[in-house]
Amino acid sequence: MNKILKTALCAAAACLIAQTGYACTNVLVTKGASKDGSVFVTYAADSHQLYGELYFSPAGFFKPGTMLNITEWDTGRFLGQIPQVARTYQTVGNMNEHQLIITETTYGGRGELYDSTGIMDYGSLIYITLQRARTAREAIQTIVDLANEYGYASSGESFSIADKDEVWIMEFIGKGTKLDKKGRNVNKGIVWVAARVPDGYICAHANQARIRQIDFNDPENWLYSEDVVDFAREMGYYEGSDEDFSFCDAYAPLNFSGLRGCESRVWSAFNILCDGVIDGRPAEEYLDYAMGYNADNRLPLFVKPAEKVSFKEVADVMRDHFEGSPMDMTVDAGAGGHHTPYRWRPMDFEYDGKTYVNERAIATQQTGFWIVCQSRSWLPDEIGGVLWFGVDDAATSCLTPVYTNVSEIPQCIKVGNGSLIEYSPTSLFWVTNRIANFAYMLYDRIEPEVRAVIDEREEWAQRWLSSADNAALQALGEEPTEESIREARDYMTRFSMSAAQSLFDTWKELDIYLLVKYMDGNVKKMNGHGTFLNNGYSDRIPAAPDQPGYSDKWKEVVAKDAGEILEVR
């Protein structure tokens with residue numbers, strides 16, 4: 001690595017928290033790369049100010065002249081109005097009734113390209129497009145049309161856009177603010193590129209633009225704005241030929257935070273799903289890139305997994321903390337006495353004149369909600385779309401299936417049931433946070449118990465979903481009518497409500513069980529039937545608890561720091 005690049009990377013470490021303030025992670029799996037032929041897209045909506053609840057918008061019909069209010073997704077700030085279309089499709093979270101999926105990660109990019117006059121923020125682009133498009137290609141065009149007509153009000157974004165047959169990664173950014181004499185922005189709109197993920201392959205992105213060279217000779221698999229290269233030349237970002245142009249290098253240049261805080265998560269997802277071999281090379285050969293030391297050793301945009309991927313495997317990728325890699329947060333002194341793979345913010349710290357990072361793994365404590373979207377081409381749209389929904393930290397939470405054609409959202413994940421400053425005893429988000437925050441204190445003891453329940457529940461939910469599919473298909477019939485569609489929808493709604501409520505009840509019981517068993521750093525003893533042992537004299541007094549103590553790393557650090565005072569002599 002040259003001296004100039006090394007200096008730039010080190011200087012960028014101080015910007016790590018700003019770069020990843022709203023950090024999210026997406027993993028994209030094509031139908032040819034999944035075990036059952038599903039398309040999967042994961043999304044962790046990670047923000048310290050986001051509440052975990054499931055958004056729902058029923059299909060609608062609107063009279064000519066109806067206007068739609070646009071409010072910024074991150075803040076709720078009113079941005080403006082646009083004309084409403086005559087008909088909208090139903091959306092459940094980040095999917096619609098036609099099995100279309102749109103998720104995102106923010107990469108920021110060049111700050112001067114923010115359009116202060118735009119009214120279409122990235123969240124509005126997602127949810128309005130889901131209401132208006134049926135396929136991934138339609139969605140891409142809708143996003144472009146909305147941003148170009150009304151102006152783009154956010155920074156650079158990577159979108160995952162998928163339907164039951166195709167998966168795309170789309171990256172775009174605004175063009176800045178340049179006003180004419182009438183106060184209109186002559187640079188309104190976006191520069192953008194979209195690449196189709198080859199069938200049989202997977203992709204991932206995590207708050208860093210990833211698309212480099214564009215194949216301008218393959219319009220079937222590459223879409224882009226006409227000025228994507230010329231605008232970069234105009235702004236002084238690029239001087240070379242069209243063939244050598246790199247979208248991410250021009251509009252979102254890599255720095256240390258983009259590598260260590262973002263591309264590291266892509267590396268970890270690829271490492272897991274490719275069984276340690278990324279695009280024919282040992283994953284370790286990309287570590288200098290993932291850890292921020294060699295920006296030239298780029299990860300590929302698409303990779304082929306070692307084996308076809310199941311729902312459970314892609315869900316578990318979202319629970320990763322770099323375990324088994326040099327960035328594993330469970331093994332250093334920062335993990336405390338119980339191997340906790342979390343570091344509270346900020347994401348960097350200074351000591352003795354040097355700056356250090358706190359790793360940013362895929363699983364993180366500030367997740368509002370996370371999802372695995374599943375589109376299934378062998379089923380009719382009325383039944384094929386399933387959004388697996390979870391709240392809070394993916395490592396200590398469980399997914400529950402919700403069909404995208406339900407007529408109602410379960411109460412425990414419904415919008416308005418509590419907030420980040422309003423505790424609700426009927427909210428899945430709050431009971432999940434109770435368990436997660438207890439687990440952070442005694443991670444090596446509590447996490448394995450929580451994970452066992454997660455695995456059992458998600459395996460069970462998959463079996464239950466398969467039975468529900470068959471029942472819904474039977475209700476729908478070979479030639480669906482309005483009545484049979486309503487009957488199938490009612491059944492899918494009851495199933496989704498029951499599954500979510502069952503998960504909520506299980507988590508309430510788990511919360512109580514963990515508190516009773518692990519209170520005050522003790523571990524109460526249990527028999528083989530799941531009940532606590534008593535002392536032999538009274539059923540109300542437990543047997544003497546185990547007291548496992550702390551990790552060896554903790555003992556080593558404490559002994560070195562305060563051994564002279566604590567040593568028994």
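In which helix is the place of aspartate 511? Aspartate 511 lies in helix H13, which covers residues 482-518. The model is a predicted one, in which local features need pLDDT of at least 70, side-chain atom pairs count only at pLDDT 80 or more, and totals for chains, interfaces and linings use all residues. Residues are numbered from 1 along each chain as its sequence is written, and side-chain values use heavy atoms, with hydrogens and water left out.

**Aspartate 511**

- Aspartate 511 counts as buried because its relative accessibility is 13%; buried means under 20% relative accessible area, exposed over 50%, and partly exposed in between, with a 1.4 Å probe and protein chains only.
- When neighbours within four places in sequence are left aside, aspartate 511 is in contact with Val431, Arg434 and Ile435 (contact means heavy atoms within 4.5 Å).

**Overall architecture**

- The protein contains 14 helices and 23 strands; these are DSSP runs numbered from the N terminus, with helices (H or I) of at least four residues and strands (E) of at least two.
- The radius of gyration is 25 Å, which agrees with the value near 25 Å for a compact globule of 569 residues; the radius is taken over C-alpha atoms, and the globule rule is 2.2 Å times the number of residues to the power 0.38.
- The C-alpha trace spans about 85 × 70 × 45 Å along the principal axes.
- Of the 569 residues, 56% count as buried.
- Among contacts with a separation of 6 or more, 71% are accounted for by residues 24 or more positions apart.

**Surface and charge**

- The protein exposes about 25,000 Å², of which carbon and sulfur atoms supply 51%; accessible areas come from the Shrake-Rupley method with a 1.4 Å probe, and for residues only the protein chains shown count as cover.
- The mean positions of the 53 positive and 81 negative charges are 2 Å apart. Lys and Arg count as positive and Asp and Glu as negative, while His and the chain ends are not counted; each charge is placed at NZ of Lys, CZ of Arg, CG of Asp or CD of Glu.

**The seven-strand sheet**

- Seven strands form an open sheet in the order S18-S14-S1-S2-S21-S22-S23, with antiparallel pairing. Its edge strands, S18 (302-303) and S23 (400-403), each pair on one side only; two strands pair if DSSP finds at least two bridges between them.
- Strand S2 (residues 39-46) is largely enclosed by the rest of the structure, because eight of its eight residues are buried.
- On one side of S2 the buried residues are Val39, Val41, Tyr43 and Ala45, and on the other they are Phe40, Thr42, Ala44 and Asp46.
- Strand S1 (residues 26-29) is joined to S2 by two bridges in antiparallel fashion, and valine 29 stands opposite phenylalanine 40.
- Eight bridges link S2 and S21 in the antiparallel sense, with alanine 45 opposite phenylalanine 369.
- S21 (residues 367-375) also pairs antiparallel with S22 (residues 386-391) over six bridges, and glutamine 374 faces valine 386.

- Eight of the eight residues of strand S10 (residues 101-108) are buried, so S10 is largely enclosed by the rest of the structure.
- Ile101, Thr103, Thr105 and Tyr107 point one way from S10, whereas Ile102, Glu104, Thr106 and Gly108 point the other way.
- S10 and S11 (residues 156-162) run antiparallel and are joined by seven bridges; threonine 106 stands opposite glutamate 157 in S11.
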